[in-house]
Every structure is written in structure tokens, then in C-alpha cells.
Amino acid sequence: MNQKTISTVRKSIFTVLMMGMSILFLLPFVWMLSTSFKIEADVFTYPIQWIPKTWHVIENYKEVWNGQFPFYKYYWNSIKITVITTILSCIVSALAAYGFSKIQFAAGKYLFIIVLATYMIPHQAILVPQFILYRSIGFFDSHLGLIMLSSFSVLGTFMLRQFFMGVHNEYIESAKIDGAGHGRIFMQIAFPLVRPAVATYAILRFIWTWNDYQNPLIFLRTDSLYTIQLAMQKFTTINGEFYSLIMAAAVSSIVPLLIIFVIGQKSVIEGIALGGVKG
Amino acid sequence: MNPLQETTAKPKMSDKQKLTAKRSSGAIQRKETLAGFLFVGPMLIGVTVLTLLPILATFALSLADWNFIAGFDGLKWVGFDNFERLAKDAAFLKSLKNNAYFLLTVPAYLAVSMFLAIMIDKHVYLKSYFKVAYFMPYISSIVAVAIVWQVLFHPSAGPVNQLLLALGIENPPKWIADPKYALPSLMMITVWTAIGFNMIVYIAGLQSIPRDLYEAADIDGANAWVKFKSITFPQLSSTSFFLLVTGIISTFKVFDLIAILTKGGPLSSTSMIVWYLYDTAFVNLKIGYASSMAVVLFACVLLITLLQWASQKKWVNY
């Protein structure tokens, strides 16, 4: 056997081994999906029925989506909050990032350091004052308040600033000579150039906001305002012993992320690899 | 460049600069400053109102004894009493200890992630599949993930224990219902969810290692272990360092899993700083006492960040 065949064989063996490991790694998801298709009596049978004997898909998902605790409402809440937060956060961060990188003003440097320094503050260290503030200005228990909490992202500003710095100053200088102000330069030159970076950040922000559990838990109280994450937990408490329904709810809460992830897979992975960013 | 050329070029440049400076001084610079503030304004206001003022308030409140329900009249300044109480509070010390245990998750998932990254980067086919597969737990909502594990770990009927019973293990642990195993169970789930993120960063790190290092090692006849020990591992040191620091900081923030799975129990075996803080502030409404914990939390994270800055050069070797 020559060198090349040996390495092909070795690579194939490794692929098979890794495949086995990855299936083991994903078993909780497989179990979740298969349980969501079953009738309740079959949930804990052993050996595990990976492929359900009795299918109960439509009934289970119908109960989750349109039963006593209808998921479509919470879905709508989550979609609303996540989409608005993502858009707002991208706008605020892109504006600030442009300001900090492409506008020459004396205070800018210091302001940037202050903004960046706040990144060191763990969110849990300021929860209590935020809660008090929200109670006193009426932002508590409202979607607006929740949206505001994640719309001023230091991380997004820092990430996008890196990309704006890569935009050549010649473009901006020549636009200025042509009489364009910063507003027009931002809209027509700088922003289009960094659009891929904004897209990456937007996908990450979408995932983080959709999955956020702590903020809704603390800043929302009324049932009808719940996000999907809070609803999931409430649903589990109510349906304590109905594991097939709980799993159908869990599957439902993950599906939008899977879709977003499959569409934006490349930019998510690149974004994370690039800055090693984390929510 | 010829030094003579440089000196002749310099005055020209500064002449030009002076000219533009003269033209742009005053009105134009003022316009520029205004534009600057308009662009960074929204972010600045948000950060000031939602982060800077709150952190100052946290410091102030940590010196007070205050029950939120009582209104501002009920606020009493007590100096450093809260911190003295914290130092003697068995529940807080227990939480700190659990935080310390939790640090073990970081090297565990770093090792697994590095191994997987090396395998995926060079030694397997279907790379994209593997990246997505191991990344799944990271993008899945922590609530869904926690609930699945809750059922999997069910003491009597859960698939995990049924498997263990079938394998002939007589008294399998009760996992999250057992004070001895609850924290390790949470740590296992954390490792499982953290692998994806760390692996992706490691893959990026691997791709930036110059290929000729490996080629040179091949010529010297180095085996896989030697290549790992003397090229891959040292070349990944800056990535590892970065992941170690962010990993340590994230262990201080663990909350979601505890809130969903154990609520700090059983017997406060899974209580950690942030959980105890949350419980004190939002369940028992002791705002001042909770704020003193927030200060400790902030101090821990700050200390690690400063240590990171100080030691980066020493640790990262190439």
C-alpha cells in the first residue's frame, strides 16, 4: 500500500469513529425529537423506542401550539422582541462603531474606552439597580423594557468598529470633498461595505436574544407577555408528567434557531471564530 | 527608503497639513465633533443609563440595608456591615465553594474541544457536518436543553438510569435530585453545551498555524504526538489562554441551568453566587445584601480580567 491509500484509510476510520461520537453527543436531541412524536405511555419504555411504535405527532404538537397554554402567542412575543432587538442593536452599534472609527473628534477616543470598559461589568452585578430603575420609569413588565436591555451592545459596537476601521479613509475623504456629510457617507458608502459583518452580528444577536432566559425571568411578570423561554418553563410546570408534550414544546422552541443557523451557518461560525465572541 | 528623500518629503506633508488644518479649523471641526456625538450618542446614552449608573448604584446599595417593598424611607446606611455578614454567611460561602468546583468544567471542555478541533481540522471527512453537530447544543435554547436533561436524569424512569440498571449497576445515582451528584450533573451538562463554541474557536486557531512547521517536522520524521506537543499545543497557547479566561469568567455567571433545574438545591448543593444573589434580591427582596454580593461578583470578574492583561505576555509562548 502506498502512502496515500494509508492516509485515506486512516482518515476514513477516524471519520467513522467521530461519526459514532457525534451521534452519542446528539442523542439528547434525538431522544427529544422522538419523544415528541410518541404517546405518553411509550415515553419511558425500555429499551428506548427511538422510532415510535404509536405515532402521536399531530395530537402532541396541536396540544402545544393551540391547547390550554397556546405556544403561538409566546412565539409571537419572542419573534417580536427578538426581531426588534436585533434590528435596533445593529443600528445603534453600527452608528456608534462608525462614530468611533471614522469621525475625528477629541472626545471620541475617551468615550470609546469608557464604553469598552463597561464590557467588564457582569450583567448580574447590575440587575438590581436595573430592576429598580425599570420599576420607577414603568419599563418593568413590558416588551419595550426588555428590548432596551439588549439593544446597546458593547460587543456589537466593538466588533463592527473593527470592520469600519478596515474601510479606506480615501473613500470617506473623497466623499467629503464631493460635499457629502457623515450621514450620507455612512448610509451610502461605509454601511454597505461592512454589511456582511453586520449580518454576522445580527445572526448572533438573534440567537442570544431568542435564547435569553434571565432577563425575561426578571423583567417580565404577566403571563401574556412571556417569551418562548419563559413559556417553556411554565408549560413544564403545568404539564409536569406529560413528557411527550414537554418535548414537543422543546422541539418547537429550538426550530427557529435551527433554521436561522442553517441559513447563516457560515457567518455564525466565522463570526465566532473571528472575534471569539460570546453573549 | 532613502533618508534624504524622507527629509525632503516631510516638510511638504506638514505644509499640506497646515493648510488643511487652517481651512478646517473652527467651523469644520465643530461640525465634525457634532457629527461624532450624534453617531455615538444613542450607544452612549444606553450604556450610561443601563450600565454605568446601575453599577454605581450597586456600589451605593451594597452599603445599605434595604427591603425594596419598604420604599426609599426604609433605606438605612450600614457601612460595610453587609460585607461582614457575607464573610460569615454559610450559604454564601457554600455558593463560593460551588463556584470554585465549577471551575473544573473549563479545563474539561477545553481539552475535549481541542481534541475535536484537531480531529475535525485535519483527520476526517465531512467537516461541515461535524462542526454543525457539535455546535448544536450551543445554539439550542438553554431552557429546552435543561428540560431534556431533567427528564433524561429522572431518578427512576429516566433513560440514563434505566441504561445503568440494565448494565447491572444496582443503585444508580439520583443525579440532579441527589445532593452529592447534583453539581457534577450540572457540570456535565455545561461541558456538553460549551464544547461547540470552544471547538469553533480552536479550529480557527488551528487554521492560523503555519503549514511549514508541520512540513519541517515531517522531514525530521516526528510522530503525531511529538507534532502535537511541540507545534500544535504551543501554537494554540494564545487561543487556549483566551478561552480559559472567558471560560473562567463565564463560570461566575452560571444561572440559567440552576434556575431551571435545581433552584440551588437539593440542600443548597448547587447554589452559586449568581443564584444566591438572585434569590436574595428577587425572592427575599434584600436589596442591600444582594448588592454586596454583586460587588463581590464584579470584583472577581475584574480581578480575572486584570490578571489576564498582566499575564498575557508571560503565558502565551511563541
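Colleague: Why is A:Ser89 called buried?

Modeller: Happy to explain, and please keep in mind that this is a predicted model. A:Ser89 has a relative accessible area of 0%, and buried means under 20%, so A:Ser89 counts as buried.

Colleague: Where does A:Ser89 sit, and what does A:Ser89 touch?

Modeller: A:Ser89 belongs to helix α3 (residues 71–102) of chain A. Leaving aside residues up to four places away in sequence, A:Ser89 is in contact with A:Ser150, A:Ser151, A:Ser153, A:Tyr201 and A:Arg205.

Colleague: What makes A:Glu173 and A:Lys176 a salt bridge?

Modeller: The closest N and O atoms of A:Glu173 and A:Lys176 are 4.0 Å apart. The rule asks for a Lys or Arg side-chain nitrogen within 4 Å of a carboxyl oxygen of Asp or Glu, and this pair is counted as a salt bridge. In general, side chains of opposite charge can pair when their charged atoms come close. These two residues are 3 apart in helix α8 (residues 169–177) of chain A, so about one helical turn separates A:Glu173 from A:Lys176.

Colleague: Are A:Glu173 and A:Lys176 buried, partly exposed or exposed?

Modeller: The partly exposed class lies between the buried limit of 20% and the exposed limit of 50%. A:Glu173 has a relative accessible area of 42%, so A:Glu173 is partly exposed. A:Lys176, at 29%, is therefore partly exposed as well.

Colleague: How do you know that the pair of A:Lys176 and B:Glu32 joins two chains?

Modeller: A:Lys176 lies in helix α8 of chain A and B:Glu32 in helix α2 of chain B, so their pairing links two chains. Their side chains meet at 3.3 Å, N to O, and the cut-off is 4 Å. B:Glu32 has a relative accessibility of 10%, so B:Glu32 counts as buried. Through shared partners, salt bridges join A:Glu173, A:Lys176 and B:Glu32 into one network.

Colleague: How many salt bridges are there between chain B and chain A, and how many over all chains?

Modeller: Between chain B and chain A the count is 1 salt bridge, while over all chains the count comes to 4. B:Asp218 has 44% relative accessibility, so B:Asp218 counts as partly exposed.

Colleague: What else describes the interface of chain B and chain A?

Modeller: There are 15 residue pairs in polar contact across this interface. Helix α2 (residues 27–61) of chain B gives the largest share of the side of chain B that touches chain A, 22 residues. By class, that side of chain B has 68 nonpolar, 15 polar and 6 charged residues. Chain B and chain A bury about 8,000 Å² between them, with 80% of that area on carbon and sulfur atoms.

Colleague: Which parts of chain A are assigned as domains, and what do these two domains bury between them?

Modeller: The assignment gives domain 1 (3–57) and domain 2 (64–275) of chain A. Domain 1 and domain 2 of chain A bury about 740 Å² between them, 79% of it on carbon and sulfur atoms. A:Met32, A:Ser36 and A:Glu40 supply 62% of the area that domain 1 of chain A buries against domain 2 of chain A, more than any other three residues. Across this interface the rule finds 0 salt bridges.

Notes: Residues numbered from 1 in each chain as written. Chains lettered and ligands numbered in written order. Predicted model: local features only at pLDDT ≥ 70, side-chain atom pairs only at ≥ 80, totals over all residues. Heavy atoms only, no water. Domains from an automatic or database assignment. Buried area = accessible area lost by both parts, 1.4 Å probe. Helix = DSSP H or I, 4+ residues; strand = E, 2+ residues; numbered from the N terminus. Buried < 20%, exposed > 50% of the residue type's maximum accessible area, 1.4 Å probe, protein only. Contact = heavy atoms within 4.5 Å. Polar contact = N/O pair within 3.5 Å; in protein donor to acceptor, adjacent residues only side chain to side chain. Nonpolar A, V, L, I, M, F, W, Y, C, P; charged D, E, K, R; others polar.
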